[in-house]
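Please look through the sequence and the model shown here before reading on. The report that follows goes from a single residue to the whole chain, and then back to its parts.

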Amino acid sequence: MRKWIAAALMFALAAPAAAQAPKMQLWRLDCGQILIKEFNSFFSDTLEYRPGPRTIPASCYLIRHGDDYLLWDTGYPASFKGKEVDRGAAVASLRVTIVEQLAQIGLKPADIDVVGISHMHGDHTGQAAEFPQAKLVVGKGDFELTKGERDPFGPWRADGAKLELMHGADIDMFGDGSVVALNLPGHTPDHMALLVKLASGNVLLSGDMYHSTEARQIKGVPPFNTSRAETLASIDRFERLAKHWNAKVIIQHEPADIAKLPAFPEAAQ
Ligand SMILES: [Zn+2]
């Protein structure tokens with residue numbers, strides 16, 4: 001009897017450690033602002049948004065999974081800090097770098113284990129190369145199209161680089177289903193969004209599936225997307241997954257959505 005109790009006690013002590021879920025946290029980072037000079041014609045191939053200029057945020061995210069840290073999107077380059085960079089249809093700017101924000105919560109660039117990039121556009125890739133030791137997870141087509149001058153992924157072109165390319169299937173970032181990069185092509189060849197399962201509920205980071213609340217309401221498609229048909233198929237999948245997981249959807253360029261997450265340096269848990 002005593003032996004049985006001892007065995008049961010040992011099991012009881014051992015079990016919680018084995019079953020313990022990793023601590024999850026999600027921070028939103030400021031990764032720039034974009035003034036779109038004519039939002040409607042820039043973002044709608046059916047011209048259904050209200051006319052005039054609009055300034056939208058470029059947001060990035062830091063996800064803690066136990067001892068591992070994943071950076072999701074990397075905004076504009078650090079060299080944009082304090083400048084207004086006119087790119088014709090849009091003006092880009094940056095107030096604070098990712099490295100500066102990480103320092104505020106006691107992290108160094110070397111603490112980042114994985115950099116996940118939703119897609120190849122410059123407002124998502126700018127600071128990726130600040131984390132050359134991390135594994136890069138990005139769409140295969142997006143990785144191939146950014147080769148050459150102004151390559152944001154230079155550190156990962158070398159043989160043996162830590163690199164995982166998405167094409168046609170989701171990627172389970174930590175192998176336990178808690179953080180999943182979703183295969184949602186159309187905005188770019190291998191665009192992806194990110195599911196994050198927090199203790200407080202599921203969060204779905206949109207990538208650029210949409211750029212605004214209006215876009216989500218009308219299934220708006222930007223004229224510069226690589227495939228209208230793939231975009232609409234991806235919107236269908238995204239919305240079904242959002243419903244299935246009862247997820248809080250964060251459209252990364254929509255101020256009303258990023259305000260659903262705590263202001264940095266607070267984290268959602
Ligand atoms: Zn974007």
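## A residue after a helix

Which residue with a positive phi follows H7? That residue is Asn246, and its phi is near 50°. Like everything else described in this report, this value belongs to a predicted model rather than to an experimental one.

## The chain as a whole

The protein chain contains eight helices and 13 strands. Its radius of gyration is 20 Å, which is close to the 18 Å that the globule rule gives for 269 residues, so the chain is as compact as a globular protein of that length. Along the principal axes, the C-alpha atoms fill a box of roughly 80 × 35 × 35 Å.

Of the 269 residues in the protein chain, 40% are buried.

## Strand S2 and its partners

Strand S2 covers residues 54–65, and nine of its 12 residues are buried, so this strand is largely enclosed by the rest of the structure. Strands of a sheet pair through backbone hydrogen bonds, either parallel or antiparallel. With strand S1 (residues 24–36), S2 runs antiparallel, and 11 bridges join the two; within this pairing, Asp30 stands opposite Ser59 in S2.

S2 also pairs with strand S3 (residues 68–72), again in the antiparallel sense, over five bridges. His65 has Asp68 in S3 as its bridge partner. The hairpin of S2 and S3 has two residues between the strands, and Gly66 takes a positive phi near 60° there.

In soluble globular proteins, nonpolar side chains tend to be buried together. The largest nonpolar core of this model has 60 residues, of which Tyr61, Leu71, Val115, Ala193, Leu194 and Leu205 touch the most other members. S2 gives the most to this core, with six residues.

When its neighbours within four places in sequence are left aside, Val115 is in contact with Leu71, Thr74, Ala128, Phe131, Ala134 and Leu136.

## A sheet of five strands

An open sheet is built from five strands in the order S9-S10-S11-S12-S13, and its pairing is mixed. Strand S9 (171–172) and strand S13 (248–250) stand at the edges with a single partner strand each, so one side of each is left without a neighbour in the sheet.

Inside this order, strand S11 (residues 192–198) pairs with strand S12 (residues 201–205) in the antiparallel sense, over five bridges. In this pairing, Leu195 stands opposite Leu204 in S12.

## Helix H7 and its two faces

Helix H7 holds 17 residues (residues 228–244), which at 1.5 Å a residue should span 24 Å, and this agrees with its end C-alpha atoms, which are 24 Å apart. An α-helix has 3.6 residues a turn, so residues three or four places apart point the same way.

Which residues of H7 are buried? They are Thr231, Ser234 and Phe238, and seen down the axis of H7 the buried residues fall within an arc of 65°, so they line one face of the helix. These buried residues pack against S11, whereas the face of H7 turned away from its buried side carries the exposed residues Ala229, Asp236, Arg240, Lys243 and His244.

Terms used. Residues are numbered from 1 along each chain as its sequence is written. This is a predicted model: local features need pLDDT of at least 70, side-chain atom pairs count only at pLDDT 80 or more; totals for chains, interfaces and linings use all residues. Helices (H or I, at least four residues) and strands (E, at least two) are DSSP runs, numbered from the N terminus. The radius of gyration is taken over C-alpha atoms; the globule rule is 2.2 Å times the number of residues to the power 0.38. A residue is buried if 20 or more other C-beta atoms lie within 10 Å of its own, exposed if 12 or fewer, and partly exposed in between; C-beta atoms are placed from the backbone. Two strands pair if DSSP finds at least two bridges between them. A nonpolar core is a set of buried Ala, Val, Leu, Ile, Met, Phe, Trp, Tyr and Cys residues joined through C-beta atoms within 7 Å. Two residues are in contact if their C-beta atoms, placed from the backbone, lie within 7 Å. The expected span of a helix is 1.5 Å times one less than its number of residues. The arc is that of the directions from the helix axis to the C-beta atoms.
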